[in-house]
Amino acid sequence: MADTLRRLVNTSSYSVLQQKLEAWYKDYHVISCDQNLNRCCELVELTSKIQGQLFSILNLTAQEGGHYAGVDTLKSRLLPWLGTCFTMASSSVSPDTSLNLIQDNVEKERKIRELSLSHESDMQKIEDQLSSTRIELSSIKQELTEAKIELDSTKNKSATTLLATEDEILHLKAELRAAYEQMDVYKRKLDVLEDYERQVRLLRDAEKTMLQERLVRSRSPSPLPPRRSRNSSPVRSESPTRAQLTNSSRHARLVSRFSDLYATERLEAQSLLRRYIDDLETVQRIIFIAAVESFQAAKLAYRQFKLRVRKTLSPTHVGPESLEDAVVDYIVRNLDLYDVQTSVNDVINSMNVNPRISFPPEVDFVLISSFIREMCRIAFAMQTLDPSLDLAFSSDGELYSDIKYRRSYDSEFTAPLVAYHVWPALMEGDSVIVKGEAVTRRGALWRSRSRSSSPIRSRSGSPTRTLMSSRSRSPSPGRLSTSRL
């Protein structure tokens with residue numbers, strides 16, 4: 001704008017216009033009408049050029065002032081002047097008409113000013129609202145950032161707490177396992193100590209008997225000593241074996257271990273199977289059948305093992321205990337000779353042909369082989385007790401008994417029949433040692449019949465089963481070591 005104004009000043013346009021006006025005034029009465037009109041048009045053209053430059057300066061000045069700067073000046077001076085310039089002067093226009101036009105222009109200018117003021121107030125309100133909205137938005141963003149930081153810290157604390165809890169659980173499990181091992185060591189030491197004490201008592205009794213016989217022989221007038229039969233020997237008449245001495249402690253330990261199987265190993269096997277099977281009833285049926293089949297396999301293995309031991313000991317047995325007690329005592333001392341892997345394989349083979357289990361073909365019962373192995377070991381050791389422990393007979397659809405079972409949490413407590421069993425009851429003769437768990441529902445008899453009549457589900461040979469079966473396959477029950485006998 002300053003450059004345009006400077007050029008306008010340097011050209012001295014108004015000086016040239018003044019000079020031409022003065023020259024035209026001097027020659028007005030001398031020259032002709034056409035020459036006067038030409039000079040007037042020339043002055044009009046020069047004036048329009050100057051006005052064009054002034055309008056350019058006006059435009060640049062308004063642009064430099066912004067959107068709303070100079071609005072009042074343009075409305076109050078430029079617009080009325082433009083209106084008067086385009087208004088044709090006529091002799092027919094009366095003074096009243098001119099007054100009305102002036103009043104209309106004044107009214108329009110007043111309305112324009114009011115509109116501009118209201119527009120400015122509205123703009124100010126909008127700007128205030130916008131600024132307040134920006135402030136609220138910034139506060140909300142700050143709160144969101146703080147909430148995100150708090151959420152991250154909560155997640156980190158939760159993860160840390162979870163890791164610490166898992167570490168504590170693992171540590172407690174390790175301590176519990178170490179305590180069980182220490183208790184087993186103490187029990188073994190106690191058994192050895194009891195064995196030593198028993199031998200000391202036997203030696204003391206034998207020595208006392210010999211002294212009494214000598215005393216009687218010295219007082220007796222007969223020179224011949226009294227004859228003594230083999231069965232009347234005091235050493236042979238009172239000779240409890242280690243199995244008989246430790247029967248009560250082994251009984252308590254095995255019952256406690258059976259309860260631990262229900263509380264710990266059963267739940268671990270159940271959670272492992274639930275990764276592949278969605279139906280909880282099928283999973284619980286599988287675990288129950290595995291427990292029952294483990295007991296059957298362990299009892300059969302115990303009978304075979306006992307026959308082999310009796311066959312081996314009978315030629316060389318001389319007492320003082322009976323042959324049956326010696327066989328049981330040998331089995332108690334050498335429980336590690338039990339071929340538990342063969343029993344595990346037998347249990348898995350029996351479960352594969354059980355019609356009550358609907359098991360997916362993509363997995364195998366080898367998944368719970370550790371549970372089956374521990375159940376077989378406990379069942380085998382329970383057969384060495386006097387009397388031995390066994391599982392209660394059970395069948396789907398049987399009448400529920402409060403003596404043998406307790407209902408699960410999802411049972412129908414008014415139903416009288418057992419739909420299926422979750423855990424077997426442990427029996428000692430006719431008395432219940434440990435209660436089992438059963439699910440009672442109405443219509444259990446019909447459901448058990450429909451399930452038992454379903455065909456055996458075929459299984460495809462999965463790589464997991466083939467590999468585990470080949471690894472777990474063991475030779476026929478091994479021969480007893482004659483050196484340990």
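Contact means heavy atoms within 4.5 Å, and I kept that beside me while going through this predicted model.

**Ground rules.** I number residues from 1 along each chain as its sequence is written, and side-chain values use heavy atoms, with hydrogens and water left out. As the model is predicted, local features need pLDDT of at least 70 and side-chain atom pairs count only at pLDDT 80 or more, while totals for chains, interfaces and linings use all residues.

**Whole chain.** I started with the overview: 14 helices and 6 strands. Helices (H or I, at least four residues) and strands (E, at least two) are DSSP runs, numbered from the N terminus. Of the 485 residues, 29% are buried, meaning under 20% relative accessible area with a 1.4 Å probe, protein chains only (exposed is over 50%, partly exposed in between). I also looked at contacts with a separation of 6 or more; residues 24 or more positions apart account for 73% of them.

Next I traced an open sheet of 3 strands, antiparallel in its pairing and ordered 1-4-5. Two strands pair if DSSP finds at least two bridges between them. Strand 1 (390-391) and strand 5 (431-434) are the edges, each pairing on one side only. Strand 4 (residues 426-428) joins strand 5 through 3 bridges, and I noted that M427 has V432 of strand 5 as its bridge partner.

What lies across these strands? I found helix 8 (residues 247-273) over strand 1, strand 4 and strand 5, at about 65° to strand 5. Axes here are lines fitted to C-alpha atoms, for helices over the stretch in contact, and angles run from 0 to 180 degrees between N-to-C directions.

I checked the loop between helix 12 (369-382) and strand 1, where P387 sits. The peptide bond from D386 to P387 is cis, its omega near 0°.

**Helix 9 with helix 11.** I then turned to helix 9 (residues 280-313) and helix 11 (residues 340-352), whose axes come within 9 Å and cross at roughly 135°. The two are therefore oblique to each other; under 35 degrees would be roughly parallel, over 145 roughly antiparallel, 65 to 115 roughly perpendicular, and the rest is oblique. Helix 9 contributes I286, I289, A290, E293, S294, A297 and A301 to the contact, and helix 11 contributes S343, V347, S350 and M351.

**D195.** Is D195 buried or exposed? I found D195 buried, with a relative accessible area of 9%, in helix 5 (residues 95-219). L245 is 50 residues from D195 in sequence and 8.0 Å away, C-alpha to C-alpha.
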